[in-house]
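Here is a short report on one protein chain. Look at the sequence and the model first, then read on.

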Amino acid sequence: MGDKTSDPVVVIGLGRFGTSLALELVRHGTEVLAIDRRPKVVQALAGQITQIAAADATDIEVLRQLGVPDFYRAVVSIGGDLEASILTASLLVELEINDIWAKAVSKQHGRILNRIGAHHVVLPEHDMGERVAHLVSGRMLDFMQVDENFALAKTRPPKEYVGLPLGRSNLRRKHGITIVAVKSPDEEFTYATAETELTYNDVIIVSGRTEDVERFAEL
């Protein structure tokens, strides 16, 4: 499939974490197929999510009928039912989904999910749905909401700012953000200065109002 950052995402399990993740992805223009076995939950969210189905994700034929094998990225956000979580993740591995994210309720559950082939395991008490939505959509390498409307993000420099000293870039005036730190390949993070020139392979930490940080990471 094309640009991986805009590819549709399957979200399986619509508890609090799965719902906040799915709605945040939709808010950022990502198409979402959401699946939950509880019809009431599905009815409550119908109209807010691109595609939504009340179905049993532990049945591989159901996943095939819903077109899940066509997706590049999937998130298993099933809550308390460990067996359903593990079985669903293993079916996604069997269907050869390229990028599988899975929510774990404990470190042990996380280890099992890793072992069966989930590419990323998140513990939602550390990783809230909104933060994971930024990472799943591929725009950012990490994201942290510091306050209600202030965020830090780890991302790559946009092309137009490569090779230009930061002091001449007018970043704060143009985009409302500050580049706090820069990491070149094989080096540690260092504070950015007015003389810092970014390269394509750098990783940067950006701070600012949440919407400004999100917009900058999409450049």
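Helices (H or I, at least four residues) and strands (E, at least two) are DSSP runs, numbered from the N terminus. The model is predicted: local features need pLDDT of at least 70, side-chain atom pairs count only at pLDDT 80 or more, and totals for chains, interfaces and linings use all residues. Residues are numbered from 1 along each chain as its sequence is written, and side-chain values use heavy atoms, with hydrogens and water left out.

**Overall build**

The chain has 8 helices and 11 strands. Its radius of gyration, taken over C-alpha atoms, is 19 Å, close to the 17 Å that the globule rule gives for 219 residues, so the chain is as compact as a globular protein of that length. That rule is 2.2 Å times the number of residues to the power 0.38. The C-alpha atoms fill a box of roughly 55 × 35 × 30 Å, taken along the principal axes.

**Inside**

Buried means under 20% relative accessible area, exposed means over 50%, and partly exposed lies in between (1.4 Å probe, protein chains only). Buried residues make up 47% of the 219 residues. A nonpolar core is a set of buried Ala, Val, Leu, Ile, Met, Phe, Trp, Tyr and Cys residues joined through side-chain atoms within 4.5 Å. The largest such core has 35 residues, and Val-11, Leu-21, Leu-25, Val-136 and Ile-179 touch the most other members. Another core lies apart from it, with 26 residues, including Ala-84 and Leu-123.

Two strands pair if DSSP finds at least two bridges between them.

| Partner of S9 | Bridges | Example pair |
|---|---|---|
| S11 (residues 203-209) | 6 bridges | Ile-177 with Gly-208 |
| S10 (residues 190-191) | 2 bridges | Val-182 with Thr-190 |

S9 and S10 form a hairpin with 6 residues between the strands. There, Asp-186 takes a positive phi near 65°.

Is Met-144 buried or partly exposed? Met-144 counts as partly exposed because its relative accessibility is 46%. Met-144 lies in strand S7 (residues 142-147).

Gly-80 sits in the loop between strand S4 (73-76) and helix H4 (82-94). Gly-80 has 74% relative accessibility, so it counts as exposed. Val-121 is 41 residues from Gly-80 along the chain, and their C-alpha atoms are separated by 15 Å.
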